[in-house]
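Work through the exercises below with the sequence and the model open. Each task is followed by a solution in steps.

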Amino acid sequence: MRTVTLIITFILFSLSFQTKAQDQIKWLDWNEGYPKAVKSDKILLIDLYTEWCKWCKVMDDKTYSQQNIIQAVNKDFIPVKFNPEIKGKKYKIGNKEFGGRELYSMLIQNQRAGYPTTVFLFVNERKVYLQPGYQNPENFQKILTSFSDLKKQASK
């Protein structure tokens, strides 16, 4: 009887970890996310962040952790975390490679942006939209819905 109880406890414990993993945004790095967005024709959602950015951490904790945000991002977007300050890392677009600062400049297209900034890149349409600054969950949900709707309209 004790063995059965131990097995059931272990199974329940294991399932609790599986549920937590499914309840998160499935962040990719640029070199994995960009080609996936090209193939899937989904919007590339790029979280521009740095390690020292307080509001980046607040957005991770308060916004990206909300169930409705997680579901919307995982369903309609290819989510990428991108820190342009990582030295020596190369980011690929087709057969070209770029450093972090180069890619950052291309993404913000000479617009004013700090950290955090969320970039919505319509890869195949070659359109880029920036949403600078911290976004609370309510506002970010509206932003996600508007970009998702825009993509659906463009696909018709």
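**Exercise 1.** How many bridges join strand E1 to strand E5, and do they run parallel or antiparallel?

*Solution.* The model is predicted: local features need pLDDT of at least 70, side-chain atom pairs count only at pLDDT 80 or more, and totals for chains, interfaces and linings use all residues. Residues are numbered from 1 along each chain as its sequence is written, and side-chain values use heavy atoms, with hydrogens and water left out.

Step 1. Find E1 at residues 43-48 and E5 at residues 117-122; strands (E, at least two residues) and helices (H or I, at least four) are DSSP runs numbered from the N terminus.
Step 2. The two strands are antiparallel and joined by 5 bridges; two strands pair if DSSP finds at least two bridges between them.
Step 3. As one example, Leu45 has Phe120 in E5 as its bridge partner.

**Exercise 2.** Give the strand order of the open sheet and name its edge strands.

*Solution.* Step 1. The 4 strands are ordered E2-E1-E5-E6, with mixed pairing.
Step 2. Strand E2 (77-82) and strand E6 (127-132) each pair on one side only, which makes them the edge strands.

**Exercise 3.** Which strands does H2 touch as it packs on the sheet?

*Solution.* Step 1. H2 touches E1, E2 and E5, where contact means heavy atoms within 4.5 Å.
Step 2. The direction of H2 makes about 160 degrees with that of E2; axes are lines fitted to C-alpha atoms, for helices over the stretch in contact, and angles run from 0 to 180 degrees between N-to-C directions.
Step 3. Helix H4 (residues 67-76) lies across E1 and E2, at about 105 degrees to E2.
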